[in-house]
There are 2 protein chains.
Amino acid sequence: MTTGAALADLAALLADRTRAQFCLALLDGRAWTAGELAALAGVAPSTASEHLGRLVAGGLLVERRQGRHRYVQLAAPEVAQLLEDLGAHAAPRGAEPVGLRAVATTAALAWGRTCYDHLAGRLGVAITSALGERGLLDLTGGFALTTDGMAWFRAELGFVPVPSRRPVARACLDWTERRSHLAGQAGAHLRSRMQHNGWIAGRGDGRAVRLTPSGTRALSDLLGVTLPTAATPT
Amino acid sequence: MTTGAALADLAALLADRTRAQFCLALLDGRAWTAGELAALAGVAPSTASEHLGRLVAGGLLVERRQGRHRYVQLAAPEVAQLLEDLGAHAAPRGAEPVGLRAVATTAALAWGRTCYDHLAGRLGVAITSALGERGLLDLTGGFALTTDGMAWFRAELGFVPVPSRRPVARACLDWTERRSHLAGQAGAHLRSRMQHNGWIAGRGDGRAVRLTPSGTRALSDLLGVTLPTAATPT
DNA sequence: CCCTCGGTTCGGCGGCCGCCGAAACGTCGG
DNA sequence: CCGACGTTTCGGCGGCCGCCGAACCGAGGG
């Protein structure tokens, strides 16, 4: 069975500030080099190297060596989900952001961000509840695409679910909104499509996301959602 | 935002074998005394006391002082979910049970067990898939009770969802079956009802559960599920 | 072919953390 | 009122772990 030791070993991987910082950064879904992560966390390259070794050995990350670079990435969507779940529990306990820059960053993240491969923040929650109001997503009995919803996703976004252990629709608890937003295959497809269509655009280097003018129009047309184009610049 | 530090602090709570063992034991949903947990983990009472202090301070556990006893319990269903999710990730990595007693225990747990407040193991998965086959639970688009399912739960089990942040139906990944079983309000109600009706009974002291003869009959009548009455005694 | 640069390995240092035993505290029972 | 018992507090001990710098390795680039 799941002995305490196995659980403790897994938790120990995330129980270090530097490693946790790495994982949080990797939540943007991209592959980072060892050096980038070291600089981000403010530790020596050697230290970062050791941490990455442990995270990879523990199965949380996968690596791809390319020339003299070592790219690492979250091993699977499930890992991202686990990190978000942990984050949702960790957030409530105080820890207000300090300093102007931190506040601005936090505000941008709260407005909209990618959560590994789908959308979160006010943006993600607004889309999710709009899907619910239109009867495309069942929010009352759980979290599932209705037959209407399945048809809508196919017609409007060209989405066809692939058979997989990954659920089509899944609730992901939002740590800023304290409400669930759409994750799973459908959530990932929605984000990738919106990005591809230029409806959303990254805001600087982080996970923050803003809505473009065409995105504002598209959401209004498709779902009747009225959201302002990016309040803050860049 | 969720800084790495907050996440690391939370993970650190579970990064110790003894604390992890405590939490796993508490997954049965009952309240344990400090002494019981100390004996279970094989540590001195003083050590257990310190661990419990940290777990309570971290918000994972709540305590209730009664006379000279200190009862602790998981703070919320969300905590149980988090632990199960972590367990699901931790399990895959090797760690076969060793010894006859351990094997027997593991087998009993794999057959059926409570997962905080709902059913898991082969029993939980079988019920879940039966609900799906009968069109009561939508498994294709996510995890939600259909309107038929909502009616069935009310008629057969007297279940009415209460307005709450807790989802009515939720998928909980099973670490033995590698498939999802029903959790959330509906899952919890189902288990409590089955227990109340004497359809299931605890197997010894742990979380393991067996199906009683009347339970076998009931499941067959209600859902057409044919499961043997407890294969192993007690 | 050498130089640069990203990454790794290794030794060593410092601090944190889990453990225990001893002593103290409060509750319960007789 | 006294003894038993569950729990807590406090030192103190040992080990693990995260950190760094220095040396090393290998891939590119000029």
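Let me begin with chain A, where 52% of the 234 residues are buried, buried meaning under 20% relative accessible area with a 1.4 Å probe and protein chains only. This is a predicted model, in which local features need pLDDT of at least 70 and side-chain atom pairs count only at pLDDT 80 or more, while totals for chains, interfaces and linings use all residues. Side-chain values use heavy atoms, with hydrogens and water left out, residues are numbered from 1 along each chain as its sequence is written, and chains are lettered from A in the order in which they are written.

Chain A has ten helices and eleven strands, taken as DSSP runs numbered from the N terminus, with helices being H or I of at least four residues and strands E of at least two.

Now to the cores, each a set of buried Ala, Val, Leu, Ile, Met, Phe, Trp, Tyr and Cys residues joined through side-chain atoms within 4.5 Å. The largest nonpolar core has 65 residues, and those with the most contacts inside it are Leu74(A) and Leu74(B). Apart from that core lies another, of 32 residues, with Leu119(A), Leu157(A), Val209(A) and Leu227(A) among them.

Finally, where does Gly187(A) sit? Gly187(A) lies in helix 9, residues 184-196 of chain A, and counts as buried because its relative accessibility is 2%. Leaving aside residues up to four places away in sequence, Gly187(A) touches Asp117(A), His118(A), Val168(A) and Leu182(A), a contact being heavy atoms within 4.5 Å. Asp117(A) is 70 residues from Gly187(A) along the chain, yet their C-alpha atoms are separated by 7.7 Å.

How values were computed:
Buried < 20%, exposed > 50% of the residue type's maximum accessible area, 1.4 Å probe, protein only.
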